[in-house]
Amino acid sequence: MSVMHVWRSLAEIPDLGPAVVTLGNFDGVHRGHQAVLRAMVADARERGHVALAMTFDPHPKAVHDPAHQPELITGLDDRLERLAATGLDGVLVVRYTLDFARQTPEEFVRDYLVDGMRASCVVVGRDTRFGRGNAGDVETMRALGRELSFEVDIIDDACAVSESGRRWSSTWVRELLDAGDLPGANDVLGCAHRLRGTVIHGDALGREIGFPTANLDHSAGMIPRHGVYAAWLTVLDGRGNPRAQALAGERMAAAVSLGMNYTVGGTDLRVEAFCIDRDGLDLYDAEVALDLVEWRRPMLDFGSLDALVAALGEDVDWCREVLTVRT
Ligand SMILES: Cc1cc2nc3c(=O)[nH]c(=O)nc-3n(C[C@H](O)[C@H](O)[C@H](O)COP(=O)(O)O)c2cc1C
Ligand SMILES: Nc1ncnc2c1ncn2[C@@H]1O[C@H](COP(=O)(O)OP(=O)(O)O)[C@@H](O)[C@H]1O
């Protein structure tokens, strides 16, 4: 598989010939997104054109309405990784600003889609909106296509609906994550929900009670319902820690605790992972990913460390079993 290009500005895009182009936030790159993108890639291949997408960072809502911006399902790194898996040839990441949003629909289409990305065909949903004040819609795109000589392909609704009849959507994924329904969320996502972060120092109590936990300085991935989860921990980058780097890419079974450590008087959100059957790890400073598999129970105040330790033993047994079944 060829590597997907990632461009941060129009000026970086080389001439790759005519392109089938789509645009969107692609939050989570869920199965609806994947279906559309795969169909588009297949169509581009048939035409002998390249398949390109435009995506926005930050999320437009974060710029227009910061008070109501949604927590993104993944950070940009995971969005790009998942976009690459659909076979796209390139992605333009547009730095979304109020200035960018001020372009008229025509300016945007001419400068970005036609001159910048060389669109021979633009793929959009029925409810697409673009340009200043969201003035552009499907009809605007069709009219601009006639004027500027590109086709407009409206996404087939069949692509957008799951077997249950509900439309695939980022909102659906967020609802499932809020409910702690990880098998459900992972099904809509088409892959495990991933949290990313750097391993930092906690209170150094874990090693005393026999359950050392890698504490994450959480940097990306929507925080789902608090509680205990079975998960896979992967070291993405040792970041100067050679012992962690030696484990890079290896998936380790983990019991994850996500929330307030009430038993020890905790009042802030902690994201911690105990790697099962792995003694003597050193993960400090590494960038790690947690792929969440299943929620077990809420965070509790056990009243004593002894009771907490007993519960952790049971949690770990449960996680070991869940992760053996779901490889
Ligand atoms: C699987 C698992 C479940 C946990 N559940 C709880 C819990 O229900 N309540 C709680 O107060 N702390 C819970 N913890 C967090 C511990 O309190 C925490 O790991 C311990 O205080 C050590 O923290 P440290 O890494 O900062 O040293 C859990 C930890 C793990 C690994
Ligand atoms: N099985 C393991 N799972 C997770 N971390 C481990 C494990 N074994 C050793 N470690 C190391 O121990 C650290 C956690 O120990 P802990 O006493 O909880 O300290 P802290 O409070 O700083 O997290 C982790 O950051 C990691 O480097």
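Asp277 lies in the loop between β11 and β12 (287-297), where strands (E, at least two residues) and helices (H or I, at least four residues) are DSSP runs numbered from the N terminus. The phi angle of Asp277 is near 60°, a positive value in a residue other than glycine. Asp277 is exposed, with 8 other C-beta atoms within 10 Å. The loop between β11 and β12 also holds Asp285, whose phi is near 80° and likewise positive. Asp285 counts as partly exposed, with 16 C-beta neighbours inside 10 Å. For C-beta atoms placed from the backbone, 20 or more others within 10 Å make a residue buried, 12 or fewer exposed, and counts in between partly exposed.

This is a predicted model, in which local features need pLDDT of at least 70, side-chain atom pairs count only at pLDDT 80 or more, and totals for chains, interfaces and linings use all residues. Residues are numbered from 1 along each chain as its sequence is written, while chains are lettered from A and ligands numbered from 1 in the order in which they are written.

Another backbone feature is the cis peptide bond that joins Asp57 and Pro58, with omega about 0°. Pro58 lies in the loop between β3 (50-57) and α2 (60-64). Most residues other than glycine have a negative phi, and most peptide bonds are trans.

The domain assignment, which is automatic or from a database, gives domain 1 (5-160) and domain 2 (192-325). Their centres, taken over C-alpha atoms, are separated by 36 Å. In domain 1, 7 residues are in contact with 6 residues of domain 2, contact meaning C-beta atoms, placed from the backbone, within 7 Å.

Technical notes:
Contact = placed C-beta atoms within 7 Å.
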